[in-house]
Amino acid sequence: MSDNIRTVEHATCTFCGCVCDDMDLTVDMDAKRITKAKNACTLGRAWFAEHTIEDRPFALIDGKAATTEEAVEAAAQILVAARLPIIYGLSDTTCEAQRQAVAICDLMHGNIDTTTSVCHGPSGIAFQGVGESTATLGEIKNRADLVIYWGGNPAESHPRHFTRYAVTPKGRYVPNGRKDRYVVLVDVRRTPSAPVADLFIQIKPGHDFELLWALRAFVKGRKVDPNLAERTGVSLATMEDLVKRMKSCRYGVLFFGMGLTMTRGRHFNSGAVLALATDLNEFTHFVAKPVRGHGNVTGADNVVSWQTGYPFGVNFSRGYPRFNPGEYTTVDLLARGEADAAMIIASDPASNFPRPAIEHMKRIPVIALDTKPTDTTQLAKVAFTTSTYGINTSGTVYRMDDVPITLRPAFESPYPSDEEVLIAIKNRVRELLTKKRTRFPNLKVA
Amino acid sequence: MAEMMILVPGRTNKQGTSLNAGKLKKEYRDVTSTVEMNTDDMARLGIKEGDAVRLATVIGETVVRCKGRKPTDLPAGMLFIPYGPPSSQLMDGDTAASGMPLSKNFEVSVELVEGPVP
């Protein structure tokens, strides 16, 4: 370690949706490396330790090293030539960059979607249908005495969710922390989160909706089909006990994960959670919160919403925004072979999308912005190397409870930020479109 | 002989730490190429720890390494795999007009294959 050491207090980890902003970073400024991240979880420590400055080209065009300027030109030409260019990703970058992406989409009459569509997109649909009884994590920390996790494994995906926000911290109305809370976990398998719970309910796969609807019936004092115990794998006595706890708690919260949104039922499952929380407000205070995955996926929802009116899956083909999950969401546009160019920002769909969507990505020109090589940058025609948000660049991110947080970077990167690249692409796209959309581009008016 | 089971792709701690190092690196590839199976199911199917198994759907197939989990942790007939390129090979692009592909709790056929995991 060199003598050129800097400390950054109250830095923010942007690895997951917890967006913990109490990091104390020790930075070796000569090596351009974070050597210590106090307060970080295992995921956060890896995030800070592994994002160093790697010796990579600023950009690749057809696999060959290029300058950022050359790549901007190539990217703009691809986008302008396409009939249905799509923009996707955006959950691991700043709100400022997300805003530029929406502007590019608007200019080129393309389609914009975020990783929300394959994360809590179904919950977004459910919010529109059912509404949301919500709270900040700060409110939950200070008030919740019943905490239910459904279809998620925070011990592995959001390790500090328990310790910083919802299970062990002492709060104003839960002064004894863990002792003042009753914790329930509902999942199809016994995960490392199970030991944290007072009650673990193992549900049969694909029967979340039935169980949630049965709980709603119990809350309202209705009869429940006894066969539901066999179908869901949960006894009626367990359901009744849980309902009793939910109705009698002072402040309850139900955190739900992708065990609900990624399975059969999708938005109906999320809607059932939200409806259950609403029902419970006849008896006590109860909220429901989706546990969000990527560092700024919540910011993506917010930015796309305030710019277009819709949270994800937005199409500008007619010159104004339209929203229709299943039609304008990226998996659908790719799997149906409709998109003829794609710009992927801070995301790796070539690694985690369904095979038919990946196959189509291989057939069309792809532009990728990422800090590291991925399956998506590997198949991209134009790949930008960008700096890491929160480590090299400042900006705004939204925690999973919609609280905006300003980032404090640790050290500079030679690579441009996503925002800088997107501004350059936007400006060039605007120039090219102005020529393309002018009927007589060479006509000189006296 | 192949048997149908329920596959649950999901996040794990190792997957999270290894993707920070790099998604093209060996550790991430190894983590996402390991499927967990109930040890009773493994014994019944003659699969040993570390054996290669083929997972297949109508969409595609992948060969991954098998790792045992206690029956109390993972129910019979259920498989768990950290998300990644192998699990993507099995997912259908149809989202039932929701935007979300069925990414958890879908049926796959499982069979032991000779030789190492590619």
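Guide: Chain A is divided into three parts: domain 1 (5–49), domain 2 (57–119 + 295–437) and domain 3 (122–290). Keep in mind that this is a predicted model.

Take domains 2 and 3 of chain A. Their C-alpha centres lie 34 Å apart. Where they touch, domain 2 of chain A gives 9 residues and domain 3 of chain A gives 6 residues. On the domain 2 side, 5 of these residues are nonpolar, 1 is polar and 3 are charged.

Now the whole chain. Chain A holds 18 helices and 19 strands. Its C-alpha trace spans about 80 × 55 × 40 Å along the principal axes. A compact globule of 446 residues would have a radius of gyration near 22 Å; chain A has 24 Å, so the two agree. Of the 446 residues, 59% count as buried. Consider the contacts in chain A between residues at least 6 apart in sequence: 68% of them join residues at least 24 apart.

Next, the sheets. One is an open sheet of 9 strands in chain A, with mixed pairing. Read across, the order is β5-β4-β17-β16-β15-β6-β7-β13-β14. At its edges stand β5 (64–66) and β14 (322–323) of chain A, each with a single partner strand, so one side of each has no neighbour in the sheet. Look inside this sheet at β7 (residues 111–114) and β13 (residues 314–315) of chain A. These two strands run antiparallel and are joined by 2 bridges. A:Ile112 has A:Val314, in β13(A), as its bridge partner.

Another open sheet in chain A has 5 strands, in the order β10-β9-β8-β11-β12, and its pairing is parallel. From one strand to the next, the twist averages 15 degrees. Strand β11 (residues 251–256) of chain A pairs with β12(A) in the parallel sense, over 6 bridges. Here A:Gly252 has A:Phe286, in β12(A), as its bridge partner. A helix packs on this sheet: α12 (residues 267–280) of chain A, which touches β8 (146–150), β11 and β12 of chain A. The direction of α12(A) makes about 160 degrees with that of β12(A).

What does the contact with the other chain look like? In all, 46 residues of chain A are in contact with 39 residues of chain B. Several elements of chain A give two or more residues to this side, among them α4 (121–130), α14 (330–335) and α16 (355–361). The largest share, 5 residues, comes from α1(A). By class, the side of chain A that touches chain B has 19 nonpolar, 16 polar and 11 charged residues.

Of its 9 residues, 7 are buried, so α1(A) is largely enclosed by the rest of the structure. The buried residues are A:Leu43, A:Gly44, A:Arg45, A:Ala46, A:Trp47, A:Phe48 and A:Glu50. What do they pack against? Within chain A, they meet β2 (23–28) and β3 (33–38). From chain B, α1 (13–21) joins in.

Methods: Residues are numbered from 1 along each chain as its sequence is written. Chains are lettered from A and ligands numbered from 1 in the order in which they are written. This is a predicted model: local features need pLDDT of at least 70, side-chain atom pairs count only at pLDDT 80 or more; totals for chains, interfaces and linings use all residues. Two strands pair if DSSP finds at least two bridges between them. Helices (H or I, at least four residues) and strands (E, at least two) are DSSP runs, numbered from the N terminus. Two residues are in contact if their C-beta atoms, placed from the backbone, lie within 7 Å. Ala, Val, Leu, Ile, Met, Phe, Trp, Tyr, Cys and Pro count as nonpolar, Asp, Glu, Lys and Arg as charged, and the others, Gly among them, as polar. Axes are lines fitted to C-alpha atoms, for helices over the stretch in contact, and angles run from 0 to 180 degrees between N-to-C directions. Domain bounds come from an automatic or database domain assignment. A residue is buried if 20 or more other C-beta atoms lie within 10 Å of its own, exposed if 12 or fewer, and partly exposed in between; C-beta atoms are placed from the backbone. The radius of gyration is taken over C-alpha atoms; the globule rule is 2.2 Å times the number of residues to the power 0.38.
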